[in-house]
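Hi,

Here is the structure I promised to pass on to you.

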Amino acid sequence: MQQQYVQCVRDATSAPLWWTNRPCVEKEDCNVPKTADVVVVGSGYTGLVAAITLARRGRHVLVLEARQLGFGASSRNSGMLGPSFPKVGLSGLAKSYGDTLAQALMEESLDALAYTKQFIQDEGIECELAEVGRLVAALRPGDYRDLEDHAAVLQRRFGIMARMIPRTEQQSEIGSDLYHGAMLLERDSSLQPAMYHQGLVDLAGRAGVSLVQHTPVLRIVATGNMHLVTTSRGQIRSRNVVVATNGYTGSLSGYLRRRIVPISSALIATEPLPSSQMRRLMPGRRLVEEKRRVLYYYRLSPDGARLIFGGRAVRSGDGAIANSVDLYAAMVRVFPELAGVRAEYAWSGLIAYTFDMLPHLGEVAGVHYALGCCGSGIGRSTWLGRKIALKVLQDPEGRTAYDSLEFRTRPLYYGNPWFLRPVVAWQRLRDAIGV
Ligand SMILES: Cc1cc2nc3c(=O)[nH]c(=O)nc-3n(C[C@H](O)[C@H](O)[C@H](O)COP(=O)(O)OP(=O)(O)OC[C@H]3O[C@@H](n4cnc5c(N)ncnc54)[C@H](O)[C@@H]3O)c2cc1C
């Protein structure tokens, strides 16, 4: 069986589906200015929203990108926009931080979602934004009961429209018998991530931001109340620096390297399938994620023709192929009739986990940073990009519930997540046996 799946994925294009017909992001490199008010490192959602916010308040902003604009997760993700609630849930947050901060962190997640949708609408960004809703599907009866409890809390404490779809009714949403019902979050939305990114590039250009690609930042040194930013193409003097490099942070900052766990996440997209089949498999056209520790999730492409299926990419062996086969097998487990269809695209990107599974923003040695979205960062990055810019501007609106969190590392962790494979294997085992 695995061999048959290899045949179905091995010719897939390794660039994201979203890059097809993408407007030309390979703009000509402009000269690197010698000075700026603010240097932003990284040109994903976080960096660009920070840059737009700062430029609109009169700062000369320079965005430096190591590869082409939007090379990172912001043009590779699956385009599932939700509140990105902290992974430990309300009760986990309350245990670690007390009720008040837990409530504030949950509410801020909702604010981030609302803000991002409003921002996209107000700025007229064309990115196929659609409020399609997200199903969180139960793999066992016990998962369904847990989801019922969760939905009740979401409704009572946060006024969220969370509706339970029992197993007897789920065929109206997903053409699969795998699940034991699902929770529907009606406000979650889909978008085309690279189009959202391109919209931000256009806004940044119009706000007067200088965007320079293929220019990695190698070092940032504070000198008095200025910073000296060393790049592959010379040095820049800047009053402020914002690091927005998320899963791609690497060795740029020893402090961040010890606090960020980069993890690869992968997606496949099938060949276009008959519309009658897609209507049967995905009648509700929802975003779907499975309730499990090692996540699988899927959605339709914006034209409704392809299934896009994603999950963690941590297989050893022939990396890309092994991960695609893994996703393919997971897809066939949900929709057995898809066995044999070709995956035309198979790509991956890096996300940034943190040890408390929460994003962080702040300042270290005079350098601002905002990162650690833990794989759920379309709304979060938009929100945090704005917040970190407001912090640079010393605007009190930059305050956030995340300010109260300590950004912790672990002993002996220096940026190499050697523990990932055993941890994921253990989590997969727990998913398989349901504990
Ligand atoms: C496969 C995948 C699926 C995902 N699906 C979803 C989803 O459905 N919903 C959701 O909410 N989130 C999702 N995410 C997460 C989301 O995409 C990210 O949280 C978000 O895009 C992070 O944005 P960012 O701007 O912080 O970082 P990125 O977009 O990763 O940008 C960081 C940039 O920094 C650049 N850089 C790094 N170091 C340097 C340097 N030294 N000098 C210059 N530039 C540098 C990199 O080249 C990169 O372009 C997914 C992520 C992946 C990878």
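Below are my notes on the ligand site and on the aromatic residues. Please keep in mind that this is a predicted model.

Let me start with the ligand. The shell around the ligand holds 35 residues, and Thr46, Glu65, Ser74, Ser78 and Met80 come nearest. Sorted by class, the shell has 17 nonpolar, 16 polar and 2 charged residues.

- Ser78 has a side-chain N or O atom 2.6 Å from an oxygen atom of the ligand.
- Met80 places a polar backbone atom 2.8 Å from a nitrogen atom of the ligand.
- Asn77 has a polar side-chain atom 3.1 Å from an oxygen atom of the ligand.

Of the 1000 Å² of accessible area that the ligand has on its own, the protein covers 96%. Helix 2, strand 12, strand 16 and helix 10 each give two or more residues to the shell, with the largest share, 3 residues, coming from strand 16.

Now the aromatics: the whole structure contains 16 aromatic pairs. One of them is Tyr298 with Phe335, which counts as edge-to-face because the planes stand at 80 degrees, with the ring centres 5.7 Å apart. This pair links strand 14 to the loop between helix 9 and strand 16, 37 residues apart. Tyr298 is buried at 0% relative accessible area, and Phe335 is buried too, at 1%.

Finally, Phe71 has the charged ends of two arginines over its ring: Arg67 at 4.0 Å from the centre and Arg76 at 4.6 Å.

Best wishes

How values were computed. Residues numbered from 1 in each chain as written. Predicted model: local features only at pLDDT ≥ 70, side-chain atom pairs only at ≥ 80, totals over all residues. Heavy atoms only, no water. Near = heavy atom within 4 Å. Polar contact = N/O pair within 3.5 Å; in protein donor to acceptor, adjacent residues only side chain to side chain. Areas by Shrake-Rupley, 256 points an atom, 1.4 Å probe, with all protein chains shown as cover. Helix = DSSP H or I, 4+ residues; strand = E, 2+ residues; numbered from the N terminus. Nonpolar A, V, L, I, M, F, W, Y, C, P; charged D, E, K, R; others polar. Phe/Tyr/Trp six-rings, centres within 6.5 Å; stacked < 30°, edge-to-face > 60°. Buried < 20%, exposed > 50% of the residue type's maximum accessible area, 1.4 Å probe, protein only. Lys NZ or Arg CZ within 6 Å of the ring centre and 35° of its normal.
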